[in-house]
Amino acid sequence: MARTQAKPTTDGALLQIRNLRIEATVYPPGEAPRDITIVDDVSLKLEKGKVLGLIGESGAGKSTIGLSAMGYGRGGVRITGGEVIINGRDILKGGLRGLRRLRGREVCYVAQSAAAAFNPAHKLMDQVVEAALLHGTASRAEAEKRAVNLFRKLSLPNPETIGERYPHQVSGGQLQRVMTAMALCPEPDLIVFDEPTTALDVTTQIDVLAAIKDAIQDTGVAALYITHDLAVVAQVSDEIMVLRNGKLVEWGDTQQIITEPRREYTNQLVSVHQIAHQEKEAVGEPLLKVENVTAAYGGGMVDVLKNVSVEIRPGQTLAVVGESGSGKSTLARAITGLLPPRQGSITFDDRELPARLASRTRDDLRELQMIYQMADVAMNPRQTVGTIIGRPLEFYFGMRGAERDKRVGELLEEIEMGTGFLDRYPAELSGGQKQRVCIARALAAKPKLIICDEVTSALDPLVANGILKLLLNLQEIEHVAYLFITHDLATVKSIADSIAVMYRGEVVRYGPKSQVLAPPFDDYTDLLLSSVPEMEVGWLEKAIAGRKMQSAGN
Amino acid sequence: MGSSIATLIAQRIALGVVLLLAVSVLIFVGTQILPGDVAQSILGNQATPEALANLRKELGLNDPAVVRYFAWLGGVLTGDLGTALTTRQDIATTLMPRLWNTLFLAFWAAVVSVPLAIILGLLAVRYRNGPIDKAISGFALASTSLPEFFVGYLLIFFVAVKLQWFPSISTVYDGMPLLDKLRAIVLPTTVLVLVVLAHMMRMTRAAILNVMQSAYIETAELKGLSAFDIIRKHAFPNAIAPIVNVVMLNLAFLVVGVVVVEVIFVYPGLGQYLVDHVAKRDVPVVQAVGLIFAAVYISLNIIADITAILANPRLRHPK
């Protein structure tokens with residue numbers, strides 16, 4: 001906590017953070033509260049008009065550092081040491097009043113989920129100009145004019161009138177751009193972008209990314225760009241700072257970080273995590289046959305699945321890819337019986353499954369298991385890992401006592417966690433461990449097919465990679481088939497034997513992996529493939545120039 | 001602004017009418033089940049059988065219940081609430097001025113309590129968990145925990161008798177100047193305000209605190225807004241629906257639940273009228289007052305529903 005008493009010197013830098021230390025108090029279940037250090041001795045410097053990318057896995061402290069540039073600690077987080085100097089003054093010494101003058105005027109913020117960050121009760125325009133009016137940097141008419149120009153610059157549709165809309169009337173990708181306009185409207189010196197494209201579809205992300213990059217270049221604003229995706233940050237940053245567990249790992253210019261990283265950890269992040277997965281030949285009778293399935297929500301008003309037919313062979317993986325709203329998860333709901341299809345049939349293991357979940361036998365249920373995206377809400381927080389994994393053993397096989405415990409132990413070994421976790425609660429596990437427990441719970445039922453719904457989307461890349469490897473290993477051992485729903489094409493390449501590409505409820509491309517991923521492509525598959533960011537400076541411009549069709553979010 | 005919102009509101013109102021009809025059946029059936037014979041209670045124990053039979057015929061008591069119900073309902077719909085058995089007076093003409101008196105009292109209690117509750121709620125959120133919050137909550141809880149008759153007599157003793165600031169008996173009559181009327185109802189209004197304040201204040205506080213967890217509150221904070229502006233401009237508009245619900249429930253209580261207060265302060269309102277006639281088993285009066293209370297309750301709740309619909313931007317501005 002030794003604060004240097006020297007007068008802040010800035011050397012022409014806009015933002016300078018020195019020896020930043022951030023702490024928080026945690027309340028672990030059943031233990032006394034204790035203080036933990038979230039950010040430890042981090043220093044950085046950013047010049048006017050430059051973009052610094054902050055990158056790291058969850059828990060690296062990147063958002064916390066970003067928010068410290070506004071003197072803000074989220075959820076009881078405290079800045080306990082160091083200096084944050086903006087425009088030549090230490091903002092941590094100006095008190096709350098000083099911070100309020102800084103926020104929304106010199107430094108603005110773009111959040112990860114614009115959908116949640118806009119107030120549903122007010123029109124977009126009122127929210128976009130609010131900060132400029134509050135700080136008196138523009139009259140209402142000026143601010144609105146500025147906002148409309150920004151809407152146009154960010155290529156939003158109907159820039160003159162979009163401000164009259166309410167947040168729920170605008171799509172997620174558009175909202176993210178409106179939020180960028182909101183941050184730019186008071187003409188700040190610095191913008192903190194906190195994972196602004198992470199929640200978007202890959203095809204929408206590229207548009208928003210290009211819009212943000214143009215806006216930064218045109219306005220000359222400096223930016224801290226926070227993300228866990230190195231390929232994304234490489235497109236917009238001048239420099240990149242790699243963080244891990246609240247400590248600095250490496251800091252250099254973008255080209256150096258992605259082409260010649262000096263630290264082992266950076267190298268791990270940079271290297272492409274492709275799992276070499278040999279496609280299996282489609283032999284034998286299909287385990288699951290989905291034939292001409294059409295399904296609709298709310299009494300058949302709009303079909304969200306249109307005439308979908310796919311097959312899965314025993315012990316193989318079918319990947320279903322598409323943007324949000326393409327019907328991937330609806331297909332899973334139709335197969336599991338949660339949404340009885342309007343037309344078509346689902347054949348599983350040579351018998352036709354009843355459409356409705358309630359009419360299925362216990363064996364139908366057992367042989368078809370599911371794993372979800374949000375592992376932490378898919379488990380009862382008041383049950384231990386042992387109880388969670390033991391439950392399907394009791395329910396389907398009537399196992400009790402020592403027999404059950406032995407099997408739970410075996411399953412824990414299979415997911416590479418070990419019996420030490422038997423008495424732990426979900427809250428005590430990391431994101432990857434939680435997902436592993438969910439996998440063990442699905443395996444406990446000895447299923448023939450597991451539906452994996454975006455199981456790695458919420459995880460950090462390295463952790464996700466571990467989960468994919470585990471799933472492939474388990475497939476070898478247990479000979480289980482997967483229906484793998486994802487929007488991430490890198491994941492698809494690593495795990496699939498066959499691929500179905502979905503677009504607006506229809507399967508637009510379907511076949512073995514090698515065939516689906518080989519040219520010639522249809523327009524939509526081409527868009528999907530070309531939208532996946534690559535770890536290469538200048539990729540964004542090339543990709544935008546080479547596109548054949550507009551993304552659906554536009 | 002679509003027709004969908006008009007449909008939703010029309011549905012609520014239609015539902016309210018149906019509910020009111022159902023309540024009218026309940027009130028009618030309920031008063032029929034009550035033991036005792038109306039003719040007997042009018043004429044007393046000494047009445048001759050012939051006189052009783054004549055009166056029953058005159059009152060239509062020999063008709064089947066269904067016929068009597070519809071006759072009553074038809075009367076109510078045309079503004080005829082029947083005749084009081086005990087006083088032989090037309091119920092509608094005696095009841096109207098009293099209804100106005102009750103509404104007058106309720107109106108002023110609402111004018112004071114609703115803004116006060118909301119402002120106190122906002123203050124409690126602004127200074128949450130601090131001494132101001134605790135003081136507001138403590139005062140509000142204490143005032144609700146004390147029964148209204150206790151608070152009423154306490155006020156009469158100190159304010160009316162000892163200090164002699166306001167009259168202890170709240171007499172109002174037609175043609176009384178407004179200021180005098182207001183002076184007369186200061187004490188009962190104070191009691192009513194104290195009774196309903198806490199509930200509304202606590203709900204305002206809870207509803208706004210719930211909204212304060214949202215990401216858009218953080219957005220507002222990072223724009224540099226002051227704490228009170230954040231609560232007023234960003235939290236409150238999203239907490240309106242639950243707050244209005246509780247406010248309406250309490251307004252209904254101000255009309256329907258004032259019986260005790262009216263009796264304490266001898267205020268010529270509906271509550272006192274009801275109490276008098278329940279004691280005398282005057283069934284038509286009890287029916288009429290019951291129906292009015294039900295109508296007040298149901299309409300205030302419909303207003304709460306409609307406000308909640310109108311406060312939701314997703315319904316006001318469909319895609």
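This is a predicted model: local features need pLDDT of at least 70, side-chain atom pairs count only at pLDDT 80 or more; totals for chains, interfaces and linings use all residues.

Residues are numbered from 1 along each chain as its sequence is written, and chains are lettered from A and ligands numbered from 1 in the order in which they are written.

**Exercise 1.** Find how many residues of chain A are in contact with chain B, and which elements of chain A take part.

*Solution.* Start with the term: two residues are in contact if their C-beta atoms, placed from the backbone, lie within 7 Å. By that test, 23 residues of chain A meet 17 residues of chain B. Next, look for elements of chain A that give two or more residues to this side: they are α2 (95-102), α3 (114-117) and α4 (124-134). The largest share, three residues, comes from α4(A). Helices (H or I, at least four residues) and strands (E, at least two) are DSSP runs, numbered from the N terminus.

**Exercise 2.** Decide whether strand β3 of chain A is mostly covered or open, and find its partners.

*Solution.* A residue is buried if 20 or more other C-beta atoms lie within 10 Å of its own, exposed if 12 or fewer, and partly exposed in between, with C-beta atoms placed from the backbone. In β3(A), residues 51-55, five of five residues are buried. In a regular strand the side chains alternate between the two faces of the sheet. Here A:Val51, A:Gly53 and A:Ile55 lie on one side, A:Leu52 and A:Leu54 on the other, and all are buried.

Now for the partners: strands pair if DSSP finds at least two bridges between them. Five bridges join β3(A) in parallel to β8 (222-227) of chain A, with A:Val51 opposite A:Ala223. Four bridges link β3(A), also in the parallel sense, to β9 (239-244) of chain A, where A:Gly53 faces A:Ile240.

**Exercise 3.** Describe how the domains of chain A are placed.

*Solution.* Domain 1 covers 48-66 + 95-270 and domain 2 covers 288-518; such bounds come from an automatic or database domain assignment. Their centres, taken over C-alpha atoms, are 35 Å apart. Seven residues of domain 1 are in contact with five of domain 2.

**Exercise 4.** Work out how much of residues 105-127 and 181-200 of chain B is helix.

*Solution.* Residues 105-127 of chain B are 96% helix, with end C-alpha atoms 33 Å apart. For residues 181-200 of chain B, the values are 95% helix and 27 Å.
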